Every structure is written in structure tokens, then in C-alpha cells.
Amino acid sequence: MAEIYESEFGNFVIEIAEDNFSAYLTIKPSKEFINEKELLNLIETTNISYGFDETRQMVEEKQIAKVYNSPFPFAMGVKPKDPEIEFSPLFDTEKCYRPDSGNHLKKLGDFKRIKKGEPLAHLFITKPSKAGINIYGQTVEPELLESSIIENYLGENVSYSQERGQIIAEKSGYPYMDALSLVHVKSEFTLEKNLDLTFEDLEFFGSLTVNGDIIDKVKIKVEGDLTVLGDINDAEVEVKGNINVKGDIIDCKNPGVFATGNICFTSAENSKIVAGQKIEFSRNMQFCRLVAEGGLYGHEENSSIVGGIYHSGEHIEVAVVGNTGGIGTEVEISITPFTKESMMNVTKQLNNMHEMELTHAPEYQNLQDELSNLEAKYEEEVNSMLKNLDNLPKHILAYKKVFPGTYIRILKKSIHITEELSKVSFSIVDSELTSEGY
């Protein structure tokens with residue numbers, strides 16, 4: 001509601017707008033001589049202190065007539081300005097994931113997919129916000145600042161890059177825009193049953209939880225994390241994030257179970273398991289081929305590895321290595337085993353495509369580029385490691401026993417175990433492979 005002030009003798013009326021950014025003066029006709037002091041006293045009563053000169057100039061420029069009994073601009077403030085933005089999605093908002101699609105995984109292939117780090121929309125501040133000043137001389141901030149207007153577009157699993165002027169996916173998944181124009185990435189899904197061949201070959205973007213088993217030679221690629229509440233049995237699994245298996249990994253041979261991050265499970269048998277970071281398990285591993293860039297860690301009391309080959313780029317710690325039957329078990333710490341394994345996998349894919357005469361396909365060139373990058377990375381990692389071998393202590397630790405038939409290797413040094421050892425740790429000391437009691 002506007003405020004109204006009237007002078008002592010009623011010759012002047014000042015009306016102040018509710019937002020305090022404008023004041024209008026009404027001069028009433030009088031038989032008496034209009035006293036300027038009366039007007040000054042009225043202005044002092046209102047506490048108006050800003051906008052007189054600018055308003056007077058505006059009135060003169062627009063030739064606004066001062067007429068008795070008609071309000072005319074007397075003092076005008078400067079209203080704050082909200083920022084102006086330019087927003088444009090980089091995906092078809094009509095043909096993307098819909099929240100009402102739920103967890104129907106088979107439908108997801110019809111929707112736009114996005115990888116972590118990829119742009120989802122352009123969002124530019126074309127004009128910054130600007131503070132205003134009211135007729136009382138007070139600074140008034142705009143209702144919307146740049147930060148708040150940007151937040152009005154950010155939903156789940158996205159962030160804003162000011163440098164790029166883009167909304168970026170924080171996780172891999174399926175982008176969509178809701179009714180409020182917030183940009184989201186749907187990234188977490190749950191399958192309430194076994195994942196089997198009814199899903200055919202599933203390439204899944206986001207993180208997936210399977211409330212059951214992965215079985216029946218199913219092939220699955222996950223551009224996120226994978227959680228399995230049951231077992232992975234006779235399947236091919238490739239994950240860009242972490243794998244957490246509450247049960248066991250069984251009969252997953254070539255290409256096996258592959259994760260760029262960590263892999264955690266209870267037991268494993270007759271399987272190839274490759275992790276770009278560490279592998280943790282609580283019970284037994286039998287006749288497996290394992291690669292763990294960030295270390296292999298078994299439960300201090302209950303874990304064992306028997307038969308097979310176990311490569312790590314960091315420490316290997318397990319309760320028991322080998323068994324009383326003298327089954328050959330190779331345990332090795334080497335340089336960048338994950339990168340070497342990745343190079344082998346890409347080379348196999350290239351050879352297969354060459355045999356199928358697919359060398360002109362875009363995928364073939366992409367694989368060649370990937371192999372070149374891996375080779376450069378491997379050379380860099382090896383050179384870096386060789387310069388710092390003495391400063392990178394690594395050990396193979398058996399909390400309980402190491403049985404005969406076990407082959408231990410750390411970098412270039414190796415030893416074949418011919419007698420049972422208890423609570424022992426192997427490491428390189430003065431360029432020699434040595435053992436000591438744990």
C-alpha cells in the first residue's frame with residue numbers, strides 16, 4: 001500500500017509507491033501564496049533522499065506538465081535488474097528418459113544416454129544482475145542472483161561449469177528435464193530379479209543394483225557402479241565404476257569380470273577378475289586369473305587363494321596361499337598390470353574385427369586410438385616406476401600360511417616355495433626378495 005504525506009497547510013501531497021522506488025507530488029491550488037518552505041518541510045518528513053535530480057531531468061526531457069491536482073514524478077529510484085540467461089538443452093527433451101518409465105530396463109535402450117562429464121545443456125549469463133537504489137538511498141539487491149538462477153536449472157546428478165557455460169553430467173545415465181525445467185540424469189536403477197538372457201546383451205548407463213544373480217552367459221556393460229545381491233555365474237561383466245557382489249563369482253572366464261574401479265565379493269572360482277583399483281574378498285579364491293592394480297586384500301582369518309595366477313600392482317594380503325595338495329599358485333606384484341591387461345583386451349578386439357574385415361568401421365579406428373593411448377600410458381607408468389623402485393615398498397603377506405607349490409614374484413625377483421611357511425611377509429630389501437615373520 002502506498003504511503004501518503006500531506007503538508008501542514010494541505011498545499012502538497014507526496015505519495016510513495018509501495019516498493020519505495022518512486023514518489024509523486026501533487027500540488028493543490030491555493031488562494032495563498034505557495035510557500036516553498038512548506039514543501040521542504042514535507043520532504044524532510046518523508047525521509048526521501050535520492051532521485052530528485054534525475055527525476056527533474058527526466059520530467060524536463062519528457063516535458064511532463066505539472067498540473068494542479070495531478071500527481072507528477074517527484075523522486076525516482078533505480079530498480080535492481082535480474083540477470084538474463086540463455087538456456088538450450090543439448091538433448092531432445094521429448095525423446096529422453098521419463099521418470100514414469102520406472103525400472104523397466106528393456107525400455108532404456110530407446111532413450112538418450114550420457115556419460116559422466118559430458119555436457120547436457122548450454123547455460124550462459126548474457127547480462128549480469130545489477131543492484132538498485134530506492135528513494136531512501138538504500139541499496140536493493142535483485143531477487144535473483146547469477147548463482148540462484150543457475151540453481152533453478154540443476155537437478156539430480158548434474159553440475160554447472162562456469163568456464164564452459166554448460167550443465168555437466170556428474171554421473172553416467174539418462175538425461176531428462178522435468179516440469180520445472182530442471183535438468184536431471186537418472187543414474188540409479190534396481191532390478192528385482194535375476195539378470196539373465198531375457199535381457200540379451202545389456203549395455204546400461206548408470207548404476208545398477210541386481211536383487212538376485214547375474215547368470216546364463218549374459219553379457220552386461222555398465223557405465224557406472226554394479227551391485228549384485230546374489231552371485232555372478234557364467235557371465236561377462238564390464239563395469240566403468242565399482243563392482244560389489246554380496247555372493248560369489250563363479251565360472252566367469254573370458255573376458256570375465258572387469259571393472260575400472262574396485263571389485264568386492266565373497267569367493268571366486270574358475271574366473272578371470274580384473275580391477276583398475278583394488279580387489280577385496282572374504283573367503284576363498286580358486287583357480288582364478290586375477291589382476292588388481294590397487295592391491296589384493298583377503299580377510300585376515302578366512303581368506304585363501306589356491307591355484308591360478310594373481311597379479312597386483314600393490315600389496316597382496318591374504319590368510320592362506322596354496323594348499324596341502326601342493327597345487328601351483330602364482331602370486332605376483334608387477335608394474336601396472338591393469339594397463340597391460342587393458343592393452344591385451346583391446347588388441348584382441350582389433351584382431352577379431354580384422355578377421356571379420358571390419359577395419360573400415362569407426363569402432364576399429366576408436367580401438368586403435370585407445371590402444372595408442374594405453375601404450376603411451378604404459379610406457380609413462382613403467383618409466384616412472386623404474387625411477388622410484390626403492391621408494392615404493394610392496395609386500396606379499398600371508399597372515400597364516402604359505403604352502404609348497406606357491407610361486408612368489410615381486411617385480412624382477414621370484415622364489416618358489418618348497419616348504420610350508422607360517423605368518424610370513426615377502427618384500428624387496430636391498431634389491432633381493434626376502435621373507436620375514438609376520
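Which residues form one aromatic cluster? Y97, F111, Y174, Y176, F189 and F204 do.

## Basis of the description

This is a predicted model, in which local features need pLDDT of at least 70 and side-chain atom pairs count only at pLDDT 80 or more, while totals for chains, interfaces and linings use all residues. Residues are numbered from 1 along each chain as its sequence is written, and side-chain values use heavy atoms, with hydrogens and water left out.

## Aromatic pairs

A search of the whole structure finds 10 aromatic pairs, where rings of Phe, Tyr and Trp (its six-membered ring) pair if their centres lie within 6.5 Å, and planes under 30 degrees apart count as stacked, over 60 as edge-to-face and the rest as tilted. The ring centres of F52 and F74 are 5.4 Å apart and the planes stand at 70°, so this pair is edge-to-face. It links distant parts of the chain, with F52 in helix 2 (residues 52–62) and F74 in strand 4 (residues 72–76), 22 residues apart; helices (H or I, at least four residues) and strands (E, at least two) are DSSP runs, numbered from the N terminus. F52 is partly exposed at a relative accessible area of 21%, whereas F74, at 12%, counts as buried (buried means under 20% relative accessible area, exposed over 50%, partly exposed in between, with a 1.4 Å probe and protein chains only).

F265 and F281 form a stacked pair, 6.0 Å centre to centre with 15° between the planes. This pair also links distant parts of the chain, F265 lying in strand 23 (residues 263–265) and F281 in strand 26 (residues 279–281), 16 residues apart. F265 is buried at 3% relative accessible area, and F281 is buried at 4%.

## A charge over a ring

F189, one of the residues of the aromatic cluster, has the charged end of K186 over its ring, 5.3 Å from the ring centre; the criterion is NZ of Lys or CZ of Arg within 6 Å of the ring centre and within 35 degrees of the ring normal.

## The largest pocket

The largest pocket has a volume of about 1100 Å³, taken as the space filled by probe spheres set on grid points that are joined across faces, edges and corners. On a 1 Å grid over the protein atoms alone, with a 1.4 Å probe, a pocket is an open set of points with protein on both sides within 12 Å along at least five of seven lines, and lining residues have an atom within 4 Å of a point.

The lining comprises 32 residues, with K221, E238, K240, F258 and Q349 nearest the centre of the pocket. Helix 4 gives the most to this lining, with 7 residues.
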